[in-house]
Amino acid sequence: MKPPAFEYRDPRTREEAIALLAEHGEAAKILAGGQSLVPMLNLRLLRPEYLVDINRVAGLSFIEVKGGELAIGACTRQRAIERSELVRRTCPLLHEAMPFIAHFQIRSRGTIGGSLSHADPAAELPTVVTALGGRFVLRSVRGERVVSAADFYTGFLSTALRPDELLTEIRVPIPPVQTGCAFMEVSRRHGDFALAAVAVLVRFDQDGRCAFVRLVVAGVHGVPFRSADTEASLIGTKLLPEDAENASRLMAAELEPISDLHASADYRRQAARVLARRALECAALRARSHAEAGT
Ligand SMILES: Cc1cc2nc3c(=O)[nH]c(=O)nc-3n(C[C@H](O)[C@H](O)[C@H](O)COP(=O)(O)OP(=O)(O)OC[C@H]3O[C@@H](n4cnc5c(N)ncnc54)[C@H](O)[C@@H]3O)c2cc1C
């Protein structure tokens with residue numbers, strides 16, 4: 001299959017890229033790794049007049065620590081994040097989730113910014129970055145704004161990105177070392193999008209009681225789903241297996257998943273419940289072992 005005709009633009013700087021977006025507005029689409037955009041063009045689901053290729057734009061591919069945050073350039077390949085020692089050390093949740101994204105060939109082209117902007121509700125990266133309390137740096141000729149992951153996702157395949165904005169950088173607060181995390185997912189085959197996936201972060205206080213918990217679910221709503229009531233129910237508990245069981249039931253009761261040809265709504269709810277229980281138990285175990293090791 002071939003895409004509809006378009007004009008190709010190949011900027012080399014951020015300024016050139018955002019000037020092109022300002023000039024062409026909704027008629028333009030940004031091309032990053034092309035792993036979601038190109039299939040959509042070939043299926044004629046999109047018909048942009050211009051493609052603005054950001055692959056040669058300087059300064060969009062980096063992984064570094066800036067002021068207590070992990071900063072990742074939007075055009076950084078998913079495979080580079082998966083293999084980054086800095087990511088593994090500072091942000092183990094992100095490291096753990098990366099191999100669940102598609103296949104390594106796709107991760108070698110696909111970018112973090114492309115996945116976050118595409119906003120597939122079953123995608124791993126939006127879920128993990130939401131759980132980590134990440135923020136997105138958006139640039140246009142009008143200036144720069146920083147949007148939290150919680151505000152970025154507005155609905156199915158929809159974000160707060162305006163047509164003339166370029167996502168340039170993702171900033172993720174580095175979790176304290178005593179944080180335990182877990183990412184778990186169910187998909188039909190390895191590399192498929194998740195039927196349900198769960199990202200969890202847990203920290204205990206000095207008495208071994210849960211002082212912080214974050215639980216975000218993918219694949220069950222149009223946007224990454226976070227249940228504040230479920231999280232609140234765990235604060236102050238020892239996060240024993242029965243606490244995890246009760247919390248996962250509470251969370252599952254709030255879900256309104258869709259049925260489609262991949263799985264029924266009931267299956268998705270059940271899978272999310274079981275994954276949440278297991279991920280909470282796993283993250284709690286890891287947090288306790290950090291506390292015992294004094295790290
Ligand atoms: C067979 C297959 C299986 C897959 N399985 C999974 C999976 O299991 N999990 C998963 O998460 N993904 C999966 N993907 C998608 C893959 O991860 C893509 O890499 C990702 O969704 C898009 O990243 P990209 O860099 O290729 O973006 P592109 O396809 O180039 O762009 C995607 C969208 O984001 C916009 N965009 C890109 N970069 C920016 C930016 N910097 N600023 C603003 N807008 C931008 C584009 O205009 C476009 O609308 C799969 C893809 C394939 C082909």
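Me: Which residues in H11 meet which residues in H12?

Reply: Two residues are in contact if their C-beta atoms, placed from the backbone, lie within 7 Å. By that rule Pro241, Ala244, Glu245, Ala247, Ser248, Arg249, Met251 and Ala252 in H11 meet Arg269, Ala272, Arg273, Ala276, Arg277, Leu280 and Glu281 in H12. This is a predicted model, in which local features need pLDDT of at least 70 and side-chain atom pairs count only at pLDDT 80 or more, while totals for chains, interfaces and linings use all residues. Residues are numbered from 1 along each chain as its sequence is written.

Me: How many residues of the contact of H11 with H12 are nonpolar, polar and charged?

Reply: Ala, Val, Leu, Ile, Met, Phe, Trp, Tyr, Cys and Pro count as nonpolar, Asp, Glu, Lys and Arg as charged, and the others, Gly among them, as polar. Here eight are nonpolar, one is polar and six are charged.

Me: At what angle do helix H11 and helix H12 pack?

Reply: Helices (H or I, at least four residues) and strands (E, at least two) are DSSP runs, numbered from the N terminus. Axes are lines fitted to C-alpha atoms, for helices over the stretch in contact, and angles run from 0 to 180 degrees between N-to-C directions. Helix H11 (residues 241–254) and helix H12 (residues 265–293) pack at about 150 degrees, with their axes 8 Å apart. That makes H11 roughly antiparallel to H12, a word used for angles over 145 degrees.

Me: In what order do the five strands of the open sheet stand?

Reply: Two strands pair if DSSP finds at least two bridges between them. The order is S4-S5-S10-S6-S7, with antiparallel pairing. Strand S4 (63–66) and strand S7 (143–148) stand at the edges with a single partner strand each, so one side of each is left without a neighbour in the sheet.

Me: How many bridges join strand S6 to S7?

Reply: Six bridges join S6 (residues 135–140) to S7, and the two strands form a hairpin with two residues between them. Within this pairing, Val137 stands opposite Val146 in S7, and the bridge partner of Arg139 is Glu144.

Me: How many of the six residues of S7 are buried?

Reply: A residue is buried if 20 or more other C-beta atoms lie within 10 Å of its own, exposed if 12 or fewer, and partly exposed in between, with C-beta atoms placed from the backbone. In S7 the number buried is zero, so the strand lies largely in the open.

Note on methods: Angles under 35 degrees count as roughly parallel, over 145 as roughly antiparallel, 65 to 115 as roughly perpendicular and the rest as oblique.
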